[in-house]
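My entries follow in the order in which I looked things up.

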Protein chains: 2
Amino acid sequence: MISQHRPLDPSRQEQYRILRDTDLRDYLAKLPAVATKLGGWPTDWSISEVGDGNLNLVFIVKGAERGIAVKQALPYVRLVGESWPLPLSRSHYEHLALVHQARLAPGLVPAVLHHNEALALIAMELLEPHIIMRKGLVAGLRYPRFVDDITTFLARTLFFSSDLAVPAARKKEGIAAFSGNHALCKITEDLIFTEPYFPAEQNRWTSPWLDATAASFREDLDLHVAVSRLKLKFMASPEALIHGDLHTGSIMVTETETKVIDPEFAFYGPMGFDLGAIIANLIMSYLASPGHERSAGERRSFEAWVLDTIEAVWTEFSRKFVELWRTEAHGDAYPAPLFAGEAGAARLEAERQAYLDRLFQDTVAFAAAKIIRRILGLAHNIDFELIEDPKLRAVCEARSLHLARMMMLDTPSFRTIGAVTQAVRELRDWQPDFDR
Amino acid sequence: MISQHRPLDPSRQEQYRILRDTDLRDYLAKLPAVATKLGGWPTDWSISEVGDGNLNLVFIVKGAERGIAVKQALPYVRLVGESWPLPLSRSHYEHLALVHQARLAPGLVPAVLHHNEALALIAMELLEPHIIMRKGLVAGLRYPRFVDDITTFLARTLFFSSDLAVPAARKKEGIAAFSGNHALCKITEDLIFTEPYFPAEQNRWTSPWLDATAASFREDLDLHVAVSRLKLKFMASPEALIHGDLHTGSIMVTETETKVIDPEFAFYGPMGFDLGAIIANLIMSYLASPGHERSAGERRSFEAWVLDTIEAVWTEFSRKFVELWRTEAHGDAYPAPLFAGEAGAARLEAERQAYLDRLFQDTVAFAAAKIIRRILGLAHNIDFELIEDPKLRAVCEARSLHLARMMMLDTPSFRTIGAVTQAVRELRDWQPDFDR
């Protein structure tokens with residue numbers, strides 16, 4: 001399933017250089033397939049750098065016929081600079097993941113037009129007029145295709161790389177093929193599972209309102225145990241090839257299309273991490289929404305849609321995942337001869353539900369970790385950041401932290417997605433006491 | 001920690017040939033270090049093939065000075081023949097594991113003198129006068145060094161390859177380095193976690209007495225779910241570099257020494273699998289013991305020693321593992337800044353106990369799977385096989401199966417090792433009803 005191809009050795013990577021406008025134009029002009037697709041004279045192509053992510057350069061190149069997107073990895077974290085080096089090999093893993101996802105979830109990731117491993121460069125179809133979903137959610141827009149598309153993406157990419165679908169030997173080859181992507185995993189391990197819980201230098205939060213809450217998260221040892229168990233699960237549970245960074249900033253949408261982008265954090269990890277990322281970011285969208293109201297209650301119907309969407313993401317995901325399990329279980333887990341006959345089929349069906357119940361618990365706990373890091377850690381999101389009144393922002397964030405703490409410390413009390421949305425709904429108008 | 005070196009590609013393996021006496025003599029004579037160690041003229045060396053395992057050739061070579069053991073992998077399963085091919089690369093993984101274990105648990109594995117990957121050959125120190133521990137246990141012998149040595153081996157090899165001791169990047173490299181050993185993992189997946197639970201052709205049991213019990217294991221869907229969950233855990237829980245086949249036939253002993261041999265099944269898997277293997281084989285030794293009595297009760301004090309040993313294996317293992325965790329935790333799990341100060345240290349200490357409680361549950365369940373496969377699956381053990389009266393053998397085996405079924409289906413009721421030994425003791429004189 002996964003190519004055994006490994007990243008280039010460092011000696012060949014010496015070809016690497018950062019492509020600026022002219023360089024990039026000359027480079028693309030020499031690729032017949034790409035140049036034809038762009039159309040017209042290379043000198044007439046427009047090139048603009050648009051990357052607003054934390055890590056890479058992203059160029060939009062437009063020719064006479066159409067546009068393409070070109071993503072080039074930098075040897076350091078763009079957000080921070082050369083002081084924080086990051087291996088170019090992540091482009092290799094992103095390409096590997098894109099190819100894998102395109103096969104398993106056709107039409108739900110951008111088509112790759114060209115990949116140059118030495119340059120850490122991927123040329124892709126330009127997603128137009130798609131926008132980053134997070135921006136749409138901040139604007140109060142709804143996406144009718146989202147639930148169906150993202151649950152197809154999740155169910156198919158996770159199921160088809162799991163031990164339910166893939167023989168153990170091929171699964172181990174897949175794990176090995178992505179094992180070199182550990183520098184990206186380490187970012188997650190540090191920023192999500194560690195730093196928000198101690199006075200790490202990079203942490204920030206909406207001060208002074210959240211000072212006491214941030215301090216309480218740094219002192220809550222039950223929380224530290226819970227997040228450490230999650231970290232261990234993240235590091236040593238290769239259940240499936242996960243996207244690894246599946247927030248609403250990694251999804252581009254229109255009313256009729258959904259595309260998952262940026263899988264450079266991909267590796268074999270726990271399925272609940274991807275599912276939790278989606279649920280967490282929808283919860284934050286909902287709880288940030290009051291901060292974007294111009295008149296009281298004007299976003300109520302958008303907010304109701306977000307809650308419905310949270311429920312439908314889990315419900316549809318589980319339905320599709322179980323259906324794949326019923327029909328495409330070619331892996332070594334749950335061997336067919338052990339569940340022969342009618343009684344066996346019924347018992348296996350019950351076990352599928354039990355499996356999903358366990359996965360839901362992981363999802364709830366990972367979602368909690370994803371919420372906490374966005375409010376107390378290094379990388380924040382515009383759902384909250386664009387709320388201009390800092391005290392109002394702090395109120396929205398405090399509600400989210402209150403929920404996340406419950407979800408992480410008392411995960412078993414959230415047995416269903418309905419229990420999650422009910423808690424979210426109840427927090428919509430909860431007033432934190434900033435003076436305690 | 002683990003070399004990134006991968007097995008030879010198949011083209012270079014064409015050098016492989018099975019070494020018979022003369023070939024082996026010539027081969028060893030050309031290795032100065034080995035030839036010097038053996039001493040005297042090569043023509044005077046005695047060579048005998050002594051392999052009684054299921055997979056490989058094992059030669060004992062004796063020279064004027066001393067003897068060595070030479071193990072060569074065959075491209076098929078020796079027990080079955082050429083119809084069951086098995087990759088020679090297992091010798092590469094065995095060598096990798098031996099080197100790793102020798103560094104972590106000095107003196108507890110045979111010293112490697114020479115390794116030829118193309119020939120799938122490892123020359124080791126000759127363990128003399130050591131015998132296979134299982135043979136000693138059948139004879140009713142006690143091994144006063146065993147508890148201390150095996151718990152040092154387990155605590156150190158498991159701890160030092162886990163996320164508690166090793167940074168995540170190096171751990172992932174280790175996982176990848178062993179991922180190619182999947183053919184050996186598959187043997188375990190099939191023979192331990194699958195075949196005993198359906199009418200697989202290779203299964204055998206002490207018939208007719210165990211016919212009804214064997215049938216009940218093939219029909220018990222709760223057991224099938226439980227063993228399937230264990231199989232999934234075996235396939236996708238790379239907690240540590242485990243030995244992978246740590247029964248009493250993989251341990252050589254004298255009164256004063258313990259050596260763990262044959263780690264060709266090594267890979268990154270669940271720690272409870274190795275621990276369960278030891279506990280299971282001691283339980284079988286105890287429950288087989290009445291079958292080896294020449295007069296009633298003559299082995300009572302040996303049996304008491306076995307029960308004490310079972311308890312001490314877990315108690316000493318946990319003590320040593322926790323002590324390593326307190327002093328050598330250089331991994332990325334349970335980050336130190338999250339457990340600072342006195343309160344943090346106390347909370348982490350409580351979590352260490354909780355971690356070991358979870359590991360004990362895995363150990364109980366894996367032990368159950370190891371017992372069941374030895375009685376209902378392909379590979380049996382001499383603890384039972386050497387009981388001449390087949391009905392008496394069936395009685396001993398039925399007691400073991402009765403216990404194993406409880407341990408697998410009701411694992412949480414075995415909260416302590418004392419609960420396990422109490423159940424074992426109670427079954428010592430339980431009489432199965434073969435007429436039901």
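I took accessible areas from the Shrake-Rupley method with a 1.4 Å probe, where for residues only the protein chains shown count as cover. On that basis chain A exposes about 16,500 Å², of which carbon and sulfur atoms supply 52%.

I note that this is a predicted model, in which local features need pLDDT of at least 70 and side-chain atom pairs count only at pLDDT 80 or more, while totals for chains, interfaces and linings use all residues. Residues are numbered from 1 along each chain as its sequence is written.

I looked up burial next, and buried residues (under 20% relative accessible area, 1.4 Å probe, protein chains only) make up 61% of the 436 residues in chain A.

I then turned to secondary structure, reading helices (H or I, at least four residues) and strands (E, at least two) as DSSP runs numbered from the N terminus, and chain A has 15 helices and twelve strands.

For the sheet, I counted two strands as paired if DSSP finds at least two bridges between them. I found an open sheet of five strands in chain A, with antiparallel pairing and the order E1-E2-E3-E7-E6. Its edge strands, E1 (46-49) and E6 (112-116) of chain A, each pair on one side only.

Leu57(A) stands opposite Gln72(A) in E3(A).

Definitions and conventions:
Chains lettered and ligands numbered in written order. Heavy atoms only, no water. Buried < 20%, exposed > 50% of the residue type's maximum accessible area, 1.4 Å probe, protein only.
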